Amino acid sequence: MPDARPGGSAPRLEAPPTVSEVKDEAGTRGIEVVFAAPAAPDDLLGLLWDVGNFPRLFPDIKDYRVVGQGEGSPPLSLDISYRIDAVVRELSYVLRRVLD
């Protein structure tokens, strides 16, 4: 797989991603992004799961830090505090990411 570090050569998407608004069972709104990339699934998951890649993947994130994590190596869940530039104002929130 090409180098995923900042300045590395990242793989190109095979087609533009599709973005859809979704709601979970509790009615919480979110988005779902579906895309195909020329990379092995484990390599792609590693790239997306590694919080060190966040500045390159999500340039609107001003600051982030891991505030909690589950068991395992890599951890099966991460609680991450973010501060983002939401155009009108900066927002802060904590997001739990779960690897399943």
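So, Phe54: at 1% relative accessibility this residue counts as buried, where buried means under 20% relative accessible area, exposed over 50%, and partly exposed in between, using a 1.4 Å probe and protein chains only. Bear in mind that this is a predicted model, where local features need pLDDT of at least 70, side-chain atom pairs count only at pLDDT 80 or more, and totals for chains, interfaces and linings use all residues. Residues are numbered from 1 along each chain as its sequence is written, and side-chain values use heavy atoms, with hydrogens and water left out.

Okay, what does Phe54 pair with? There are 3 aromatic pairs in the structure; rings of Phe, Tyr and Trp (its six-membered ring) pair if their centres lie within 6.5 Å, and planes under 30 degrees apart count as stacked, over 60 as edge-to-face and the rest as tilted. Phe54 and Phe58 are edge-to-face, because their ring centres sit 5.3 Å apart with the planes at 90°. Phe58 itself is partly exposed, at 38% relative accessible area. Phe54 also pairs with Tyr64, and that one is tilted, with 5.6 Å centre to centre and 50° between the planes. This second pair links distant parts of the chain: Phe54 belongs to helix H2 (residues 54-57) and Tyr64 to strand E3 (residues 61-69), 10 residues apart. Helices (H or I, at least four residues) and strands (E, at least two) are DSSP runs, numbered from the N terminus. Tyr64 comes out as partly exposed, at 25%.

Now, charges. How many salt bridges does a search of the whole structure find? It's 2, counting a side-chain nitrogen of Lys or Arg within 4 Å of a carboxyl oxygen of Asp or Glu. Arg96 meets Asp79 at 2.7 Å, N to O. That pair also links distant parts of the chain, with Arg96 in strand E5 (residues 90-98) and Asp79 in strand E4 (residues 77-85), 17 residues apart.

Last stop, the surface. Leu13, Val19, Ile31, Val33, Phe35 and Leu48 make a nonpolar patch of about 520 Å². Patches take residues with over 30% relative accessible area and no salt bridge, joining like charges within 9 Å and nonpolar side chains (Val, Leu, Ile, Met, Phe, Trp, Tyr) within 5 Å; the areas come from the Shrake-Rupley method with a 1.4 Å probe, and for residues, only the protein chains shown count as cover. Ile31, in strand E2 (residues 29-34), counts as exposed at 62%.
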